[in-house]
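Reader: Hi! Could you walk me through this one?
Author: Happy to, ask away.

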Amino acid sequence: MNVAIVGASGAVGQELLKVLDEQNFPVDNLRLFGSPRSAGSEYDFRGKKVKVELLSKDSDFSGVDIAFTSAGAGTSKEYADVITRHGAVMIDNSSAFRMDADVPLVVPEVNGEDALDRPRNIIGNPNCTTIQMVVALKPIHDLSPIKKVHVATYQAASGAGASAMKELIEQFKELNEGKEPTIEKFAYQLAFNLIPHVDVFTDNGYTKEEMKMFNETRKIMHSDDIKVSATCVRVPVLRAHSEAIWIETEQPVSLEEVQKAFEKAPGLVVKDNPAEKAYPMPLDITGQDPVYVGRLRKDLADPCGLSFWVVGDQIKKGAALNAVQIAQWLIQNDERLKVKL
């Protein structure tokens with residue numbers, strides 16, 4: 001495969017380089033693209049130095065099979081035609097095209113086959129919080145269709161980028177030294193605090209992040225009947241998002257059925273033994289590939305309800321790894337790409 005990464009210098013771009021190597025993805029030629037600020041930088045990949053090229057309207061993507069884009073929605077919209085005009089498949093990590101009817105939104109464990117129907121040669125990589133949630137919802141939905149989802153997220157600083165992670169560390173240092181904390185990436189001090197505000201507020205009182213979970217879940221799972229109500233909270237954790245989830249199914253399902261379905265589900269690891277204090281935590285899940293689930297129990301307020309706890313690395317499964325898994329699914333199932341191998 002001839003592979004390109006747009007936004008190579010960002011947190012997700014750097015993670016893409018790591019994941020491509022970890023997954024032993026077949027890369028014959030790698031090209032990196034970035035802004036004027038990052039153009040000219042060099043990064044190591046499999047023992048070779050790769051220089052970042054300046055992304056422009058004159059950039060030539062001919063010969064590129066798969067282009068991973070992670071430079072923000074504005075950049076994705078501006079350069080989509082440049083990237084795809086010669087046939088490259090654009091796997092986009094931004095929100096630019098996620099809800100477009102002619103752009104599939106894909107989590108391979110849930111709806112990999114959607115990646116084959118891409119009229120614009122663009123595939124959307126969903127929001128990080130949506131990705132880890134639907135990986136856990138899918139095995140339950142197969143047992144009995146899910147009607148409602150209530151979710152509270154506990155989102156790490158990594159969701160706002162590498163500079164946000166750095167700011168959180170600096171805030172702890174500054175506060176420990178009796179200094180005023182630097183506040184630039186978030187509305188308020190994040191260290192020793194929780195901020196019930198991720199992304200901008202919309203007219204209905206929900207944030208865009210919360211509405212992404214509503215809209216994206218329905219598209220990925222092919223069900224307009226699923227209602228999702230989310231409250232997204234930024235927490236003083238570096239990496240890995242956590243979610244407390246309550247669902248209602250059409251018919252009651254037993255904990256034993258769900259436990260077995262979780263254990264068989266691809267990309268999902270069960271860590272659930274309250275007697276041994278075994279449950280997923282972001283400190284342990286940082287750097288891990290799968291989504292972890294625990295604290296499974298019946299919802300005391302609903303006979304058709306279940307409650308559980310989900311944790312996933314936001315930069316990995318929530319971004320870079322899911323994008324690479326989409327590409328892996330394509331080269332295994334798309335005849336147009338299989339012939340390249």
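Reader: Which side chain does the side chain of Glu 216 make a polar contact with?
Author: The side chain of Arg 98, at 3.4 Å. A polar contact is a pair of N or O atoms within 3.5 Å; within protein, one must be able to donate a hydrogen and the other to accept it, and residues adjacent in sequence count only if both atoms are side-chain atoms. This is a predicted model, where local features need pLDDT of at least 70, side-chain atom pairs count only at pLDDT 80 or more, and totals for chains, interfaces and linings use all residues. Residues are numbered from 1 along each chain as its sequence is written, and side-chain values use heavy atoms, leaving out hydrogens and water.

Reader: New topic: what order does the open sheet have?
Author: Its seven strands run S3-S4-S2-S1-S5-S6-S7, with mixed pairing. Two strands pair if DSSP finds at least two bridges between them. The edge strands, S3 (42-45) and S7 (122-124), each pair on one side only.

Reader: In which sense do S1 and S2 pair?
Author: Parallel, over five bridges, between residues 2-6 of S1 and 29-34 of S2. Ala 4 has Arg 31 in S2 as its bridge partner.

Technical notes:
Helix = DSSP H or I, 4+ residues; strand = E, 2+ residues; numbered from the N terminus.
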